[in-house]
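Look at the model first, then read on. The report below takes the structure one feature at a time.

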Amino acid sequence: LSKVANKKGVPPMFRHPVAITVDSRGNFYVTDDELNKIKIFSAKNKFKYELGGGEKSPERFSSIRDISVDGDDNLYVLGAIPGNARTIRVYSGPGVIFRFGALSSSGAGMADPRNLSVVSARKTTVSVYDARRKGLINFRFLQLPARVGGVVVEGGLKQTQVSWKSVPGSYIARYAIYGASGEAGPFKRIRTSTNTDRKSVV
């Protein structure tokens, strides 16, 4: 990690790296609990993008406890965000696709979550160790949709058409298209397309 993030002549990318996880393609994700950000690198040790946003960003973290990836390379982040001190965010690439977990007014839910693990099976089980409850809390839900395939991009500088193959699953309501001027981002949502549309002009 030091060779990747602390190159000569370049300011250090981390202040206090804590947790690291690797997906099936060799991309690795590193948390920094002083910056409260997650930096993502490719299998070839190239910086790709970061999660956490700026100080005023609605995507920023107040703290990050742990991270993990599932069988579809979705990233799970256990941490705190403004307005919710106990939450799990699920990312596909740079975008949040799902979030859950909190402490309800009745006292149910996560009280003092510390660690996170994901078990991939027919259903996904997310296990969180809660220090106050001194045990595991298990969340079970349907596996997240698979990634779209057959992506084709055609066009020029003024207009571009993106087409793709639909993902099986009637529960998919829409597709979100993100774009960036470079491989490392920052990524911005360009357009949202409904499930029946498998083409979009951007």
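## Ground rules

This is a predicted model, in which local features need pLDDT of at least 70 and side-chain atom pairs count only at pLDDT 80 or more, while totals for chains, interfaces and linings use all residues. Residues are numbered from 1 along each chain as its sequence is written, and side-chain values use heavy atoms, with hydrogens and water left out.

Helices and strands are DSSP runs, numbered from the N terminus; helices are H or I with at least four residues, and strands are E with at least two.

## The second largest pocket

A pocket is an open set of points on a 1 Å grid over the protein atoms alone, where a 1.4 Å probe fits, with protein on both sides within 12 Å along at least five of seven lines. Lining residues have an atom within 4 Å of a point. The second largest pocket has a volume of about 390 Å³. That volume is the space filled by probe spheres set on the points, which are joined across faces, edges and corners.

The lining of this pocket has 17 residues. Nearest its centre are Glu50, Leu51, Glu59, Pro94 and Phe187. Three strands each supply at least two lining residues: S4 (47–51), S8 (95–100) and S15 (188–194). Strand S4 gives the most, with 3 residues. By type, the lining holds 9 nonpolar, 4 polar and 4 charged residues. Here Ala, Val, Leu, Ile, Met, Phe, Trp, Tyr, Cys and Pro count as nonpolar, Asp, Glu, Lys and Arg as charged, and the others, Gly among them, as polar.

## Salt bridges

A salt bridge is a side-chain nitrogen of Lys or Arg within 4 Å of a carboxyl oxygen of Asp or Glu. The whole structure has 7 of them. Burial is judged by relative accessible area: buried is under 20%, exposed is over 50%, and partly exposed is in between (1.4 Å probe, protein chains only).

Which residues pair with Arg25? One partner is Asp23, with the closest N and O atoms 3.9 Å apart. Asp23 is buried, at 6% relative accessible area. Arg25 itself is partly exposed, at 48%. The other bridge joins Arg25 to Asp73, at 3.3 Å from N to O. Arg25 lies in the loop between strands S1 (17–22) and S2 (28–32), and Asp73 in the loop between strands S5 (63–69) and S6 (75–81), so this pair ties together parts that are 48 residues apart in sequence.

Another bridge links Asp130 and Arg133, whose closest N and O atoms are 4.0 Å apart. Asp130 is buried at 0%, whereas Arg133 is partly exposed at 39%. Shared partners join Asp23, Arg25 and Asp73 into one network of salt bridges.

## A nonpolar surface patch

Val148, Val151 and Val153 form a nonpolar patch on the surface. Together they have about 250 Å² of accessible area, computed by the Shrake-Rupley method with a 1.4 Å probe, with only the protein chains shown counting as cover for residues. Patch members have over 30% relative accessible area and no salt bridge; nonpolar side chains (Val, Leu, Ile, Met, Phe, Trp, Tyr) are joined within 5 Å, and like charges within 9 Å.

Val148 sits in the loop between strands S11 (135–142) and S12 (149–155). Val148 is partly exposed, at 34%.

## Positive phi angles

Most residues other than glycine have a negative phi. Asn36 has a positive one, near 55°. Asn36 is in the loop between S2 and S3, and is buried at 17% relative accessibility.

Asp73 is in the loop between S5 and S6 and is buried, with a relative accessible area of 7%.

## Apart in sequence

How many residues apart in sequence are Asp33 and Ile64? The pair is 31 residues apart in sequence and 6.3 Å apart in space, C-alpha to C-alpha. Asp33 lies in the loop between S2 and strand S3 (37–41). Asp33 is partly exposed, at 36%.

Val4 and Phe41 are 37 residues apart in sequence. Their C-alpha atoms are 8.8 Å apart in space. Val4 lies in helix H1 (residues 2–5) and is buried, at 12% relative accessibility.
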